[in-house]
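Good morning, and thank you for coming.

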Amino acid sequence: MTVRAGIVKGHQSGEQYAAQAMLRWFAIGASVWLLAGMATMIFANGLRFEQYVFLTQDAPVAAFLIGFLSLLKGQAGNPGSPPEIRNWQIGVAIVAVMAIAWAGHHWLMSGYSLSRDEALARMSAAALAHGQLAMPIPPEWRAYADAMSPDFLNPMGGDRYWISLYLPGSAAIEALVSQFADPALTQPLLLGLGLLMLWDVSRILFPDRPDIRTAVMLLAFSSCQLLFTAMTAYAMTAHFALNMVWLALFIRDRTCTHGAALLVGFFALSLHKVQFHVLFAGPILATLLWRRRWALSALYAVSYAIFLIVWMKLYPLLLVDRLDLSITAGAAKGVSLSPRLASLQPLLYLTRFFAWNNALLVPLALIGMKGAWRSLRQDAQDRRALLFIGLTGGCAIGMLLTVHQGLGWGYRYLHGYIGPFCLLAGLGWNKLYPSPASLRPIWLAVMVSMATVAAQGVMVARFVTPYARLHAHAAALPVDILLLDPRGGVFAQDIVRVPPNMVHRPIFMDLSKLDKQRVDTLCRKYRIGIIDRTDYRAAGILADDSRPDARHIARIRAYLDLTGCARRALPSGTGSQASL
C-alpha cells in the first residue's frame with residue numbers, strides 16, 4: 001500500500017482513484033492558470049488596479065498555496081474516526097472568529113470604511129437608525145450635493161436626499177445593531193450566524209461523518225476572505241449569512257421551513273442587489289422541477305417573482321411617495337442588474353478567490369462537484385445528490401461571472417457561495433475517503449492558512465492605513481471646505497464622504513464635480529483647503545494618473561491657483577509610492 005495525493009492508495013474504487021487524480025492534477029492546472037493570468041500583463045499598457053493587486057497580493061499567495069498542494073501528496077488521511085467535534089467547540093470557535101473580525105476592523109483597518117460602497121452603507125444605516133429612509137441634504141449644501149458624496153447614488157434623490165443606489169437590507173441590519181452596540185459588530189455577528197448555519201447544514205447532509213463536518217467547518221474558519229470581509233461594511237457577509245439560513249430551512253423540507261425560507265429569501269433579495277441571492281437560490285430551486293415537486297416549485301416561482309417586483313419596482317416608488325420626490329425614469333427602473341458583464345476577468349479573480357481561502361477549498365469543491373454529477377447519474381432521484389447539483393450550479397455560475405469588483409478582500413462577488421463551496425468540499429472529502437479518516441491534510445492546510453492570514457493582514461493594513469490616516473488628519477484641519485483633487489491617487493475620490501447622518505466641517509468635496517461658478521461662491525464664503533497628489537504620496541497611497549476627467553480638474557485647479565483661494569491643507573512630506 002502506498003500513499004499519494006493525500007489519500008491511501010490501494011483497494012480503491014474507480015471514484016476514489018478519479019478523485020485522487022483530480023487532486024493531484026489541480027496543482028498543475030492552477031499553475032497554468034496562474035501563469036496565464038500573469039501572461040495577460042506582458043503587453044498591457046501600464047497596470048490597472050486589479051492587475052496590480054494580482055501581482056502584488058494574489059500571485060505570491062497563490063504560488064505558495066500551489067506549492068503546498070504539490071507537497072501535500074505525501075500526507076495521507078489515515079483510516080479511522082478522528083475525535084468528534086462538539087457543539088460547544090464550534091460555538092467557541094465562532095465567537096473567537098467574530099471577536100477577531102470586530103477587533104480587526106478597529107485595529108487592522110483603523111475603524112475606517114475604505115470604499116464608496118462601505119461609506120454609502122454606513123450613511124444609509126445611520127439614516128435608517130434615525131427613522132429616515134434616506135439622508136436629507138441640508139438646503140444650504142444642495143448645490144454641492146454631488147461633490148460632497150461618493151458615487152453610486154440613486155438619481156431620483158435629486159438635490160434633496162442622498163439615496164444609495166443599493167437596496168436597504170444590509171444597512172437596515174446595521175441600523176438595528178447600532179441601537180444596542182457598536183455598528184462595526186454587524187458584520188462579525190452576521191459572520192457568526194452564517195458559520196452557525198453552515199454547521200447546522202453540514203450536520204444534516206453528513207449525519208454519519210463527523211470528520212466531514214469538521215472538515216467543512218475548518219475550511220470556513222480558515223477562510224481569509226470570510227474573516228477580512230467581516231471587518232468591512234460590505235453587504236457580502238450578510239449574503240453569506242442569509243444564504244446559509246435559507247439553505248438550512250430549505251433542506252429540512254417541511255411546510256413551515258419552506259415558509260420561513262421564503263421570508264428569508266424576501267429579505268435576502270434586499271441586502272444589496274437582487275441578483276446575488278437569485279443566482280444562489282435559483283439553481284437549488286430548479287432541482288424541485290427535476291423532482292416533480294410542481295406545487296412547491298410554483299410557490300417559490302410566484303413568490304420570488306412578487307419579491308423581485310417589490311424590491312425592483314415598488315420600493316423605489318415607496319421612496320418617491322414617502323420622501324415626496326418627483327417620479328422620474330430612475331424610479332421606474334428600480335435597482336438594475338449589474339452592467340459589468342463586459343468586464344469578465346476570470347484569470348485574475350478566480351486566482352484571487354483561491355488565494356484568499358484555504359488551499360484545499362477549491363480543489364476539494366471541484367472533486368465534490370464532479371462527484372455530485374456521478375451520484376446523480378447513478379440515481380436520478382437521489383435528493384442529496386440533487387441538492388449538491390444545485391449548489392454546484394450556483395458556484396459554477398458565480399465562477400463564470402467573475403466581473404470587475406474594484407476593492408475587496410478576496411473576490412467578494414463569490415462571497416455568498418463560500419458556504420456551498422465548503423459543503424461541496426465536504427462532499428469531495430467524502431469521495432476521497434468513503435470511510436472516516438483523520439483530518440491531517442485539512443489541519444496542514446489550516447496551518448498554511450494561518451501563515452497566509454498573517455501575510456494578508458499586513459497587505460490589508462498597508463493598503464487601508466494611509467487612507468485612514470489621511471482622512472483623520474484632514475478631518476481635524478481648521479478649514480470649512482476641503483477640496484480633494486483626485487488626480488494621482490488610486491481611489492482618492494472615495495475619501496470624499498458625508499459622515500453618517502450629519503454634515504460637519506471641514507466638508508470634503510470632490511474637485512472633479514465642481515465648476516468655476518460654484519468654486520467662486522465657496523471662496524467668497526468659506527476657508528478653503530485642498531489636498532492632492534503630494535498628500536497622497538506623503539501618506540503612501542498608490543499613484544494613479546488614469547482619470548478621464550483630468551483636463552477638467554486641471555482647469556479648475558489652475559483657476560484656484562490663479563485666485564489664491566485654496567491653500568494646501570496638509571504639510572508636504574515624503575513617502576514611498578508605487579504607481580499603476
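This is a predicted model: local features need pLDDT of at least 70, side-chain atom pairs count only at pLDDT 80 or more; totals for chains, interfaces and linings use all residues.

Residues are numbered from 1 along each chain as its sequence is written, and side-chain values use heavy atoms, with hydrogens and water left out.

How confident is the predictor? The pLDDT is its confidence in each residue, from 0 to 100. The protein chain averages 88, and 90% of the residues score at least 70. Confidence is highest in helix α10 (residues 236–250), at 98, and lowest in strand β1 (residues 2–4), at a mean of 37. Helices (H or I, at least four residues) and strands (E, at least two) are DSSP runs, numbered from the N terminus. Over residues 1–10 the pLDDT stays under 50, and the model has 34 contacts for them beyond four places in sequence; a contact means heavy atoms within 4.5 Å. Residues 330–337 are also below 50 in pLDDT, and that stretch has 16 contacts beyond near neighbours in sequence.

I return to the cysteines. How many disulfides are there? With a disulfide taken as a pair of cysteine sulfur atoms within 2.5 Å, the count is one. It joins Cys-523 to Cys-565, with 1.8 Å from S to S. The link is left-handed, at -100° about the S-S bond. Cys-523 sits in helix α20 (residues 516–525) and Cys-565 in the loop between α22 (550–563) and β8 (566–568), so that distant parts of the chain, 42 residues apart, are linked. Cys-523 is partly exposed at 24%, whereas Cys-565 is buried at 18%.

Cys-224 is buried, with a relative accessible area of 2%.

Helix α20 also holds Gln-517. That residue is exposed, at 63%.

Next, the charged pairs. Side chains of opposite charge can pair when their charged atoms come close. A salt bridge is counted when a side-chain nitrogen of Lys or Arg is within 4 Å of a carboxyl oxygen of Asp or Glu, and the structure holds 19 of them. One of these joins Arg-48 and Glu-50, with the closest N and O atoms 2.6 Å apart. Arg-48 is partly exposed at 43%, and Glu-50 is buried at 9%.

Please now look at Arg-557. It forms a salt bridge with Asp-485, the closest N and O atoms being 3.1 Å apart. Arg-557 lies in helix α22 and Asp-485 in the loop between β5 (481–484) and β6 (507–510), so this pair ties together parts that are 72 residues apart in sequence. Both Arg-557 and Asp-485 are buried. Arg-557 also forms a salt bridge with Asp-532, at 2.8 Å between the closest N and O atoms. Asp-532 is in the loop between β7 (528–531) and α21 (533–539), 25 residues from Arg-557. Asp-532 is buried too, as is Arg-557. These residues belong to a network of salt bridges that links Asp-485, Arg-487, Asp-532, Arg-557 and Asp-561.

The strands come next. In a regular strand the side chains alternate between the two faces of the sheet. In β5, Ile-481 and Leu-483 on one side and Leu-482 and Leu-484 on the other are all buried, and both faces are covered. Strands pair if DSSP finds at least two bridges between them. β5 pairs with β6 in the parallel sense over four bridges, and Ile-481 has Ile-507 as its bridge partner in β6. β5 and β7 also run parallel, joined by four bridges, with Leu-484 opposite Ile-531.

I close with helix α17 (residues 383–400). Its 18 residues reach 26 Å from first C-alpha to last, close to the 26 Å expected at 1.5 Å a residue; the expected span is 1.5 Å times one less than the number of residues. Its buried residues include Leu-386, Phe-388 and Met-399. Among the elements that cover the buried residues of α17 are α10, α12 (274–290) and α16 (361–378).

Methods. Buried means under 20% relative accessible area, exposed over 50%, partly exposed in between (1.4 Å probe, protein chains only). pLDDT is the predictor's confidence in each residue, from 0 to 100.
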